[in-house]
Amino acid sequence: MSIVISGIRLPYEQADAAALAAARRRCRVDGRQGEARIYKRSLDLRHGKLSKVFSVQLDLPAALEEKILSRTQDPNVRRKARPLELSAQGKGRLSHPPVVVGLGPAGLFAALVLAEQGYRPLVLEQGPPMEERDRAILQFNQKGVLSPLANIQFGEGGAGAYSDGKLTTRIHDPRCELVLERLLAHGAPPETAEAAKPHIGTDRLKGVVVSLRQKIQALGGQVCFHTRVERLRIEDGRLAGLVTDQGEIPCQTAILAVGHSARPLFETLVAQGLEVVRKPFSVGVRCEHLQQDIDRGRYGSYCDRYDLPPAEYNLSRREGQRACYSFCMCPGGHVVAAASEEGGVVTNGMSYHARDGRNANAALAVSVLPEDFEGQDPLAGMEFQRRLERQAFQVGGGGYAAPIQRYGDLREGRPSQRVGKVEPTYPRGTVATDLGRVLPPFVLDQLRGAMPYFGRQIPGFDDGDTLFTGVETRTSSPVRLLRGEDLQATRCKGLIPCGEGAGYAGGIMSAAVDGIRAAQRILEEFRPLEG
């Protein structure tokens with residue numbers, strides 16, 4: 001049995017072992033009673049000095065655990081959540097393998113859980129396997145030849161495979177532990193387990209994704225790449241099959257785990273009468289600083305005293321119904337070319353595990369609300385994204401070059417003619433310009449209002465040479481495919497929408513958790529495939 005003791009704060013200079021002793025003192029147990037280990041660790045500067053903050057796990061006999069929990073009033077002392085136990089409980093008979101559409105984080109973990117329980121899922125991915133995807137992305141970066149089905153958005157691992165591999169999430173769900181456990185078993189760095197803000201890095205994450213896919217196959221699952229779902233076959237309100245570009249696949253149940261950029265499929269689902277609604281999302285820019293300036297702004301004089309990891313940040317400012325906030329912050333990272341449609345520029349960010357690049361980057365995103373669009377078109381937000389991307393392509397002069405602007409120039413309302421000390425990392429080339437030619441006024445107003453506020457939190461953040469690269473449009477899905485309490489689509493029984501594309505997650509961890517939840521729905525209804 002295990003107890004977790006949180007909020008143990010130590011001076012940065014103090015040895016980690018002191019956290020174990022502090023946890024024992026809080027629980028009034030000595031070194032002979034159970035085992036203690038670091039559960040999570042982080043750095044904190046909020047109280048004016050650099051501290052290490054720990055959570056410690058104590059593994060104790062059951063009777064002693066109950067005694068400690070019954071006598072403590074400390075909210076930072078709690079029982080560790082029991083490991084999630086998955087099992088096939090359903091009685092229904094499957095005539096065909098359950099299908100998982102999409103091999104991003106949601107689809108990957110949905111398929112893994114089904115495979116582990118003997119369901120032998122069939123996974124359909126419109127893009128290629130990782131090695132082929134890498135080659136297509138390299139060709140795009142070097143020559144500007146875009147493959148609409150093999151890019152930063154599509155292919156094995158989904159959009160999440162080409163990010164920092166950040167696993168930070170605000171959700172508190174026991175499935176998070178299962179996700180982390182599987183990632184570690186398939187090659188995630190060991191330190192990922194203890195980090196309060198864990199990250200894997202793009203270079204490591206791609207190998208983890210391939211290993212998880214190979215595990216699905218080893219357990220009897222089948223993965224079909226280059227297979228695009230074109231429409232559903234629905235009979236009497238129930239899913240009967242999936243029509244793909246490789247032929248029709250009969251199925252009783254399917255998990256729809258497509259990403260936030262599956263625009264042709266969104267259009268098809270609306271045309272077929274499924275209940276798709278608008279949801280809030282955000283658009284903005286990639287914001288780059290010198291990493292050393294972010295380190296200095298966050299750590300101050302501690303930069304000269306200690307060998308500290310590249311500093312991160314998480315910033316937000318709300319004005320009325322809108323917020324401007326940092327998203328997908330990549331220390332020592334690169335801005336990437338993330339287009340998935342010809343004639344559109346899209347940016348995103350990534351870091352390698354070492355996070356040793358010269359620049360830090362993050363999205364600075366501004367809220368877009370459903371009521372921003374007239375009429376009833378559920379895909380209005382998607383078309384808004386598309387317009388911005390095409391405008392960025394045109395302003396960038398074609399060839400997928402991205403428009404850029406120094407913050408100092410944007411603040412003063414003048415086009416940029418050059419860059420300053422921050423050189424762009426976007427690989428397809430950049431064009432200094434006025435981002436007012438691309439972004440709507442409300443986005444520019446929010447950026448202008450937020451930057452001085454952020455500069456008060458991180459000195460130097462609002463330096464005039466801060467570089468904005470446009471446009472960041474794929475922060476999350478602009479639609480939600482409605483599902484009931486049973487997780488099935490409201491107008492198509494047997495179809496289980498999940499993950500980012502369906503509007504139920506944001507980020508690798510929450511998408512993976514929603515994929516597991518979708519798989520559990522099948523475990524509850526059907527027994528494993530026979531024969």
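The buried residues of helix α1 are A18, A19, A22, A23, R24 and C27, where buried means under 20% relative accessible area, exposed means over 50% and partly exposed lies in between, with a 1.4 Å probe and protein chains only. The model is a predicted one, in which local features need pLDDT of at least 70 and side-chain atom pairs count only at pLDDT 80 or more, while totals for chains, interfaces and linings use all residues. Residues are numbered from 1 along each chain as its sequence is written, and side-chain values use heavy atoms, with hydrogens and water left out.

An α-helix has 3.6 residues a turn, so residues three or four places apart point the same way. What covers the buried residues of α1 includes β1, β2, β3, α2 and β4; helices (H or I, at least four residues) and strands (E, at least two) are DSSP runs numbered from the N terminus. After α1 comes R28, whose phi is positive, near 55 degrees.

The strands belong to an open sheet of four, in the order β2-β3-β1-β4 and with antiparallel pairing, two strands being paired if DSSP finds at least two bridges between them. At the edges stand β2 (35–44) and β4 (77–79), each of which pairs on one side only. On average, neighbouring strands of this sheet are turned by 25 degrees against each other, direction ignored. Strand β1 (residues 2–11) pairs with β4 in the antiparallel sense over three bridges, and I3 stands opposite R79 in β4.

Helix α1 (residues 17–27) packs on this sheet and touches β1, β2, β3 (51–59) and β4, its direction making about 125 degrees with that of β1; contact means heavy atoms within 4.5 Å, and axes are lines fitted to C-alpha atoms, for helices over the stretch in contact, with angles running from 0 to 180 degrees between N-to-C directions. Helix α2 (residues 62–71) also packs on the sheet, touching β1 and β4, and its direction makes about 135 degrees with that of β4.

A search of the whole structure finds eleven aromatic pairs, counted when rings of Phe, Tyr and Trp (its six-membered ring) have centres within 6.5 Å, with planes under 30 degrees apart taken as stacked, over 60 as edge-to-face and the rest as tilted. The pair F393 and Y400 is edge-to-face because the ring centres are 5.0 Å apart and the planes stand at 70 degrees; both F393 and Y400 are buried. One aromatic cluster is formed by Y313, Y453, F454 and F461.
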